[in-house]
Amino acid sequence: MNTEFIYKVFGYLVGGSLRNTVALVLLCTFATAERTTAQEPIIDNSIDSILPINLQEVIVISSYKKDLEHSAHAKPLSTLDEYLEASNKVSLIKRGAYAWEPMLNDMSTERLSVTIDGMRIFGACTDKMDPITSYVDVSNLSEVQILGGQQGAEHGTTIGGSIDMQLEKSNFNPTDWQAAIETGGEANNAARIIGGELNYSDEKFYVDTDIIYRKAENYVAGGGEEVAYSQYEKYNFSINGGVKISNSQKLLGSFIFDEARDIGYPALPMDVSLAQAFIGSISYLQDFFIGRLTDWETKLYANSITHIMDDSQRLDVPIRMDMPGWSDTYGFYSQSQLKHEDHRFLFKLDGFYNRSLAEMTMYPNNSEEREMFMLTWPDVRSINTGFYAEDVLSFENSYLKFSTRFAFQSFNVASEMGLNSLRIFYPDMEQRQTRILKSVAARYRIEGDNFQFTGGLSYGDRAPSVSEGFGFYLYNSFDNHDYIGNPDLKNESAIEVNASFVVPINELKIAMEGNYFHTLNFILGEVNPELSVMTIGADGVKVYKNLLYANLYNISLNATYQLSNAFSLSGNASYHRGTDQDGENLPFISPFTYASTLAYTQEKLIASFTVNGAADQVNFNPDFGEDRTDAYTIFSLAVGRNFKINEDKLYIKAGVENVFDTNYSTYTDWNNIPRMGRNFFAAITYSFN
Ligand SMILES: [Cu+2]
């Protein structure tokens, strides 16, 4: 695909006069705003999306197919990372402007299950520069479902919870042909976004296609300082479709191609020249199954990821390095339901095979010296086979849910060279190992006349990740240490308690929620003073080990108030804490944070004013490179308007983020890189009917 061409075309549309465009759009929006009768009040995700039994959050991705209310809080065409960041539950570790790493309950990648339509995918970067969320785009998605702790076990083994990104599908709705084009831009980093969709759907057949292209230059922090190496370029294409074989049988397929190039990571010493993913699946759905089992769904999937990391763009490095990585996964799941009296059962069998390989080549400045080559992920083949079952019991005004997962996970270090390298540290290390993983959870929910209460108790464990078990000299630029994996690690497990309480008082709704994790054999790196560093300038070597235990908890308060038909006010605040057995702080634990939005929603017009911020990060851990992050408060404004042109729809949204150009960084910003300063954005969606 000729990205240069798209770039040029788009240059005419947005180009250098972005600020003018934004101003014009803002002006048009205000000028043509008309008062109309009130629609349904906007819905606050965090409260109303609680499903009968699960305590969860659903992040709705704005699209032309959705109602205006659903995009009230969203910045259309913003990256998936920005959508996730707007959620109450997810926070993101930032190493630059691209590919932020999601955290749930203060736990990241290795403690979460992140899936696309239930498919397991694993990043190919030893430095976590490519979380799975970076290989899809909002154009592919309908919504993101977030489940805390063992509630997420349906999608795979987890400690912190699950993030499942659901693909947008026409799903046999009789909509016939539909098309949309969308374009947007951001002033701060000269980001240009252009995308399109073409969909056909009837009762027997549907096919959805979409394409999106994004390019951004370096961004500018608050106060005017340019953040070098923060540019990126990405395009994404997806197609998914389905055929009804009979009234009760369906065949579905999906394919995503995602490629990003020239991605800068300002907080890291290396950049990425290519991050590429092929993600495909085929599913078969049948209304009936054996006996009384119904809703049988079987999916086969495969994905392949290539991640090319190097420091060729950096001016001054002690030694040149190339660090490519590859991750291929093949998997399946098959599930069915059974409804019997007050019970609703779900049974699911799943499995995957993953191959993770990463290399490092160092080129000494003195060309007389030999290059150094090693395997940082020694071709680790993982096989996981699991069985999941749940039963939801319904009573008059309450529900009880039991769920369990049982899985086998095996590792095979397939590379002789990699195995021998690890045997330097672990002479008795076996080439293969198998672990048994289990999860049990119980939840109860009661809906009274003027309250809802949900409580849960669960236990789950996880195997070490490839880096934790088999990583070989993985440099962490945050604490400036090389990390070595430990194949003898025990499984990490967690006992989890959670509760939420929702009270509606007339137009005011208050929700309180708390999660507590008592994590046994918590996996964390610890300095081994006997080992010498590989990375020039590193302070030492850390080896992964099991702590006796660690405790993590978070509490949050969420409130919405319907001021009038059009105006609503919402706010949330949360407090997090994480300590190990000696009372030491765990790294990457959120300080006190807060956010509040005043929204105006009418039939055709939406506007919002948002404040968010955090208190000083007082509970940090200097052994992991952390320091005290200062408090900050950020203000943002946005306004959106719907227009009808004959049968077509036009949607325009524009706004400004970080209005006062505050210079700040948060506890999740790797090496304290500052966040984006003031940023004007605008997006236009035109959909044909
Ligand atoms: Cu990388």
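**Figure 1. Confidence along the predicted protein chain.** The protein chain has a mean pLDDT (the predictor's confidence in each residue, from 0 to 100) of 89, with 91% of its residues at 70 or more. Residues 1-52 fall below 50 in pLDDT, and this stretch makes 86 contacts in the model beyond near neighbours in sequence; contact means heavy atoms within 4.5 Å. In this predicted model, local features need pLDDT of at least 70 and side-chain atom pairs count only at pLDDT 80 or more, whereas totals for chains, interfaces and linings use all residues. Residues are numbered from 1 along each chain as its sequence is written, and side-chain values use heavy atoms, with hydrogens and water left out.

**Figure 2. The copper ion site.** C125 (SG), M129 (SD), H307 (NE2) and M309 (SD) coordinate the copper ion at 2.1 to 2.5 Å. Donors are N, O and S atoms within 2.8 Å of the metal (3.2 Å for Na, K and Ca); water is not among the atoms, so sites may look incomplete. The donor residues follow the spacing C-x3-M-x177-H-x1-M in sequence. M129, in the loop between strand 5 (119-120) and strand 6 (141-148), and H307, in strand 14 (residues 294-310), are 178 residues apart and link distant parts of the chain. Strands (E, at least two residues) are DSSP runs, numbered from the N terminus.

How values were computed: Helix = DSSP H or I, 4+ residues; strand = E, 2+ residues; numbered from the N terminus.
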